[in-house]
Amino acid sequence: MANFCFEHLGFTSFEQVDRVTIPEFLLMTKAQARKNVEREYCLHKAAWLSAIAKATKKNGKLVYPKFEKFFDRERAMSELEERPEMSERSRKIIEYRKRKKGGTA
């Protein structure tokens, strides 16, 4: 267990290992596994995008002659601005927790 904590969970002392409970350890290992899957996903996506960026038409010309044709950063940023910051459900949960603690929502 200690070896895994040092190698994969970023622990730096045996004191940290001694303090972690089994449920916490299981949660941390699951989170680490999910991070690994996400990292693998990003690598595969990058490889796929690299192949697409090099794609050519039948006449030999690039499908995406400019990077801006491949990825429109300005459009992506404007779409990001249009998204609501928080879902209504999340907002209600936060308000409920504030009321439960005695604060005002």
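**View 1. The largest nonpolar core of the predicted model comprises six residues.** Cys5, Leu9, Phe11, Val17, Val20 and Phe25 form this core, defined as buried Ala, Val, Leu, Ile, Met, Phe, Trp, Tyr and Cys residues joined through side-chain atoms within 4.5 Å. Buried denotes under 20% relative accessible area, exposed over 50%, and partly exposed in between (1.4 Å probe, protein chains only). Beyond its neighbours within four places in sequence, Val17 contacts Met1, Ala2, Cys5, Phe6 and Phe11 (contact: heavy atoms within 4.5 Å). The model is predicted, with local features needing pLDDT of at least 70 and side-chain atom pairs pLDDT 80 or more, whereas totals for chains, interfaces and linings use all residues. Residues are numbered from 1 along each chain as its sequence is written, and side-chain values use heavy atoms, without hydrogens or water.

**View 2. Buried residues of helix α3 pack against α1 (2-8).** Phe25, Thr29 and Gln32 are buried in α3. Helices are DSSP runs (H or I, at least four residues), numbered from the N terminus.

View 3. The structure holds zero disulfides (cysteine sulfur atoms within 2.5 Å).

**View 4. Tyr64, Phe67, Phe70 and Phe71 form one aromatic cluster.** Rings of Phe, Tyr and Trp (its six-membered ring) pair if their centres lie within 6.5 Å; planes under 30 degrees apart count as stacked, over 60 as edge-to-face and the rest as tilted. Phe67 and Phe70 both lie in helix α4 (residues 67-70), three residues apart. Phe67 is exposed, with a relative accessible area of 54%, and Phe70 is partly exposed at 24%. The rings of Phe67 and Phe71 are tilted, with centres 6.4 Å apart and planes at 50 degrees.

Technical notes
Helix = DSSP H or I, 4+ residues; strand = E, 2+ residues; numbered from the N terminus.
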